[in-house]
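User: Please examine the structure below and answer a few questions on its pockets and loops.

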Amino acid sequence: MIRSLLFSSTFVRTTLTSPSCFLGFHFVPFSFAARFTPISVLHCPGIGVGNSASFCSKSFSVSAKSTFFMEQAPTANEVQQVELLDATEDNHGGVIVEMDKPMNSEVFVPILRASISHWKQQGKKGVWFKLPIELANLVEAVVKEGFWYHHAEPKYLMLVYWIPEGAHTLPVNATHRVGIGAFVLNDNKEVLVVQEKSGSFRGTGVWKFPTGVVDEGEDICKAAEREVREETGIATEFVEVLAFRQTHQVFFGKSDLFFVCMLKPLTFEISKQELEIEDAQWMKLEDYTAQPSIQKYEVWKYINNICVKKIQKQYSGFTPVLTSAAFSNKRNFLYLNKNDLNRW
């Protein structure tokens with residue numbers, strides 16, 4: 001969204017001191033009214049970065065949601081219109097811009113510079129600039145003005161800018177990927193296992209728990225149920241988080257959180273996923289435990305021992321409990337040890 005800036009032809013002298021001087025452009029904050037009368041601004045040599053300037057106006061009122069600035073060239077009696085990017089305030093003293101108007105970079109750059117000057121005068125800090133893929137032609141222009149990449153999604157690129165002097169305090173992009181491993185045990189003490197067609201275990205003959213990545217906006221407990229259903233066709237009910245592991249520099253430099261989950265099977269007939277799964281079966285727990293890979297790798301040995309202790313009722317995991325959030329009406333899962341909690 002763009003906000004227009006307008007001017008007129010009669011004026012009286014008004015001096016703006018340094019707090020009203022901005023990078024590239026100068027702005028006069030106006031009170032809002034239902035309609036506006038254009039105002040004229042006398043061009044002053046030296047208007048630019050870090051300079052104060054003398055402007056001239058006689059009277060004015062402005063329309064709601066608009067801020068106005070005018071500069072008249074010293075050699076011609078014409079008015080130049082400057083526009084501002086529309087922005088919403090975030091909760092940390094910054095602004096968020098969501099571009100939706102196609103334009104070329106020649107038109108865009110002066111508007112961006114004027115907007116940054118305006119936000120600086122307002123004392124804003126961070127600028128979050130959401131650029132849809134349809135406006136990818138503006139990426140180079142935004143970067144040249146000092147913005148840097150924060151993150152990208154299929155339909156947009158988010159860039160950021162820090163106005164104050166010194167190091168920025170903007171939060172970094174997401175640092176972790178979240179995955180699950182599903183321990184599914186039936187009444188015959190058989191564990192649900194798969195062999196994968198791709199990945200590190202392809203062609204190794206290793207039988208492993210169904211695993212997968214949690215989708216955006218998906219709860220861990222729901223992701224575990226989904227992954228088991230997608231890979232094996234087995235419907236399940238989530239029971240507990242038994243353990244979790246954190247590793248670093250795993251996926252394009254990001255860290256990884258892997259949650260080992262226990263689920264109860266609701267169906268038993270396997271229908272494996274053809275795209276990713278080579279084979280799937282119910283395997284005796286002792287046969288699964290006897291695999292060389294389980295005995296070789298320490299983390300797998302720990303996970304296996306946890307599962308065995310859980311079966312023997314000597315271990316308690318974390319059960320999801322729906323709770324209300326502190327700053328919204330959303331309900332979220334808190335994972336906790338119910339057994340120990342209920343003892344008190």
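Analyst: A pocket is an open set of grid points with protein on both sides within 12 Å along at least five of seven lines, and its lining residues have an atom within 4 Å of a point. The model examined here is predicted.

User: Which element gives the most residues to the lining of the largest pocket?

Analyst: The largest pocket has a volume of about 820 Å³. Of its 31 lining residues, the closest to the centre are Glu196, Phe201, Lys208, Thr211 and Phe258. Elements that give two or more residues include helix H3 (220-232) and strand E14 (211-213). With five residues, the element that gives the most is E12.

User: How many charged residues are in the lining of the second largest pocket?

Analyst: This pocket has a volume of about 450 Å³. Among the 15 residues that line it, Glu153, Asn173, Ala174, His176 and Glu216 are the closest to its centre. By class, the lining has seven nonpolar and four polar residues, and the number of charged residues is four.

User: Is Phe252 buried or exposed?

Analyst: Phe252 is in the loop between strand E15 (236-251) and strand E16 (254-265). Although not a glycine, Phe252 has a positive phi of about 50°. Exposed means over 50% relative accessible area. Because its relative accessible area is 75%, Phe252 is classed as exposed.

User: What is the relative accessibility of Lys313?

Analyst: Lys313 belongs to the loop between helix H6 (298-311) and strand E18 (319-324). Its phi is near 60°, a positive value in a residue other than glycine. Lys313 counts as exposed, at a relative accessibility of 76%.

Methods
Residues numbered from 1 in each chain as written. Predicted model: local features only at pLDDT ≥ 70, side-chain atom pairs only at ≥ 80, totals over all residues. Heavy atoms only, no water. Helix = DSSP H or I, 4+ residues; strand = E, 2+ residues; numbered from the N terminus. Buried < 20%, exposed > 50% of the residue type's maximum accessible area, 1.4 Å probe, protein only. 1 Å grid on protein atoms, 1.4 Å probe; cavity = no way out; pocket = protein on both sides within 12 Å on 5 of 7 lines; lining within 4 Å. Points joined across faces, edges and corners; volume = space filled by probe spheres on them. Nonpolar A, V, L, I, M, F, W, Y, C, P; charged D, E, K, R; others polar.
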